[in-house]
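Notebook open, model loaded. I want to jot down what I looked up, one item at a time.

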Amino acid sequence: MMWGYGQGMVWMWLWVPLLVVGIALLALLAIRVLGGGRGGYVPTGPQGPGDPPLVKGSRARQILDERFAKGELTADQYREYLNVLGEDR
């Protein structure tokens, strides 16, 4: 006698792992969405007026660009530091 389980046992062995994987994927998606898009995500495409600027290069390069834009560095110093960073234009 099978006690009423029959073919249901086969489906249980398939659904339980699928359910666990599904819950793990939903948790990962929730972490990505609620985490603010951190973790290396760089948006591509046209930027709107309220969008943050696109990330270009390393953080050190960004600081160097900002200092050059503020006038803290001369053009020669800027080029020299770019060479040191290995990001010469």
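I started with Arg-61, which is buried at 12% relative accessible area (buried means under 20%, exposed over 50%, partly exposed in between, with a 1.4 Å probe and protein chains only). Its side chain meets that of Asp-65 in a salt bridge, 3.2 Å from N to O; the cut-off is a side-chain nitrogen of Lys or Arg within 4 Å of a carboxyl oxygen of Asp or Glu. Asp-65 is partly exposed at 26%. Both residues sit in helix α2, 4 residues apart, about one turn of the helix. I noted the background too: an α-helix has 3.6 residues a turn, so residues three or four places apart point the same way.

A note on ground rules: this is a predicted model, where local features need pLDDT of at least 70 and side-chain atom pairs 80 or more, while totals for chains, interfaces and linings use all residues. Residues are numbered from 1 along each chain as its sequence is written, and side-chain values use heavy atoms, with hydrogens and water left out.

Another links Arg-79 with Asp-76, closest N and O atoms 3.1 Å apart. That pair lies in helix α3, 3 residues apart; Arg-79 is partly exposed at 48%, whereas Asp-76 is exposed at 57%.

Then I looked for rings: how many aromatic pairs does the structure hold? I found 1, counting rings of Phe, Tyr and Trp (its six-membered ring) with centres within 6.5 Å; planes under 30 degrees apart are stacked, over 60 edge-to-face, the rest tilted. Phe-68 and Tyr-78 are stacked, 4.4 Å centre to centre with 25° between the planes. Phe-68 is in α2 (residues 59–70) and Tyr-78 in α3 (residues 75–85), so the pair ties together parts 10 residues apart in sequence. Phe-68 is partly exposed at 34%, but Tyr-78 is buried at 8%.

Last, the whole chain: I count 3 helices and 0 strands (DSSP runs, H or I of at least four residues for helices, E of at least two for strands, numbered from the N terminus). Of its 89 residues, 7% count as buried.
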